[in-house]
Amino acid sequence: MNKSIIIAGTGSYLPEKIITNHDIAKTVDTSDEWVYTRSGIKERRIAKSEEAASDMALISAKRAIENAKLKPEDIDLVIVTTVTPDMMFPSTACILQAKLGIRNNIPCFDIEAACSGFVYGVEVASKMMKSGYYKNALVVSSEKLSGILDWQDRNTCVLFGDGSGAVVLSTSEEKDVGILDTVLGADGSDTATLKLPAGGSLMPASKETVENRQHFIQMNGREVFKHAVKIMGEKSFEVIERYGITPNEISLLIPHQANTRIIESVAKRLKLPMEKVFVNIEKYGNTSSASIPIALDEALKAGKIKKGDYILFVAFGAGLTWGATLVKWH
Ligand SMILES: CC(C)(COP(=O)(O)OP(=O)(O)OC[C@H]1O[C@@H](n2cnc3c(N)ncnc32)[C@H](O)[C@@H]1OP(=O)(O)O)[C@@H](O)C(=O)NCCC(=O)NCCS
């Protein structure tokens, strides 16, 4: 099928509750100055205890469907990307399908590629749509990281937040617009730098895993930082060059929001001025796979994207995983 796959609608949802660096500094040995200068984060949103990934996904998904001027029943594929599914199984995508009240004869599944999940999800959905069998796919990234953070560990608890972002991908007759190209990759030899060790088949939940705080994110921040800077820069170049344009033709870079210093180094590598880079990490922290679709939704609402613009998504996460997607706005 040589139809284009466009982003027909976007939506996002951030929980109301704000926790500032100053709030966190009351319970762990940190400061607003340390967190802001090292990461660019000032505050993050925290979901209610009873609010699950699917509840946040439901709101962002409804907003994206409405923004695409569609109805839930027009959706024929649902992909959720998350490291914080409602439960091990069934998938959060199936739970979301039921909450949206949509048809039961469509595929619904989760993708777990950590912070690269949205880029993976868009690639999988758009390639499935190229088969010609799907017209409108919903890709929703929803993360409740507050539930898997060790609030006694200053190395990690200051960096993450909760939220959800969604897109509706639709087929279009217009040529050479929408999702132009994507590069994906992974290096599974380095699982130790960023992980949540317990609760899976390797280390099922036990009294010991709870006592040893193994149901929380563990991270070697310095290692992650080094890899992220290198790979996000390389993969941005790769997808841009493979499509045959140059970095200065990019109108807006929408990177995974993990750390302002990582984002700035990617921009520098691409020789992009920071005006061409969307950054909202100050308000939300790292919302894992939800960060790019939340940023995309905000960039569109702020009027930062117009027809004909080349947009670049680039992400990096646990796995290690990475991905970059080049989009031409329709
Ligand atoms: C975590 C990160 C902000 C740390 O910044 P950094 O400049 O690398 O920090 P440094 O390694 O120089 O400093 C670490 C020191 O600060 C301390 N520290 C860590 N967290 C702290 C906090 N919240 N407040 C105060 N001090 C803290 C550490 O204990 C360490 O102290 P030590 O040197 O005495 O052992 C940074 O490495 C980072 O963002 N990494 C990537 C993380 C990420 O994006 N993960 C998700 C990827 S998708």
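Me: What is the volume of the largest pocket?
Reply: This is a predicted model, where local features need pLDDT of at least 70 and side-chain atom pairs need pLDDT 80 or more, while totals for chains, interfaces and linings use all residues. Residues are numbered from 1 along each chain as its sequence is written, and side-chain values use heavy atoms, without hydrogens or water. A pocket is an open set of points on a 1 Å grid over the protein atoms alone, where a 1.4 Å probe fits and protein lies on both sides within 12 Å along at least five of seven lines. With points joined across faces, edges and corners, and the space filled by probe spheres set on them counted as volume, the largest pocket comes to about 1,100 Å³.

Me: Which residues that line the largest pocket are the closest to its centre?
Reply: A lining residue has an atom within 4 Å of a grid point. The largest pocket has 40 of them, and the closest to its centre are Val 83, Thr 84, Glu 112, Ile 148 and Leu 196.

Me: How many nonpolar residues are in the lining of the largest pocket?
Reply: Ala, Val, Leu, Ile, Met, Phe, Trp, Tyr, Cys and Pro count as nonpolar, Asp, Glu, Lys and Arg as charged, and the others, Gly among them, as polar. The lining has 12 polar and six charged residues, and its nonpolar residues number 22.

Me: What is the volume of the second largest pocket?
Reply: Its lining holds 15 nonpolar, eight polar and four charged residues. The volume of the second largest pocket is about 630 Å³.

Me: Which helix gives the most to the lining of the second largest pocket?
Reply: Helices (H or I, at least four residues) and strands (E, at least two) are DSSP runs, numbered from the N terminus. With six residues, the top contributor to this lining is H8.

Me: Where does the second largest pocket lie?
Reply: Domain bounds come from an automatic or database assignment. Both domains give residues to the lining, so the second largest pocket lies between domain 1 (4-175) and domain 2 (179-328).

Me: How much of the ligand's accessible area does the protein cover?
Reply: A residue is near a molecule if one of its heavy atoms lies within 4 Å of it; 21 residues surround the ligand, with Thr 30, Arg 154, Gly 221, Arg 222 and Asn 259 the closest. On its own the ligand has 970 Å² of accessible area.

Me: Where does Pro 90 lie?
Reply: Most peptide bonds are trans. The bond from Phe 89 to Pro 90 is cis, with omega near 0 degrees. Pro 90 lies in the loop between strand E4 (77-81) and helix H4 (92-100).

Me: What is the phi of Asp 176?
Reply: Most residues other than glycine have a negative phi. Asp 176 lies in the loop between strand E7 (162-172) and strand E8 (178-186). Its phi is positive, near 55 degrees.

Methods
Accessible areas come from the Shrake-Rupley method with a 1.4 Å probe; for residues, only the protein chains shown count as cover.
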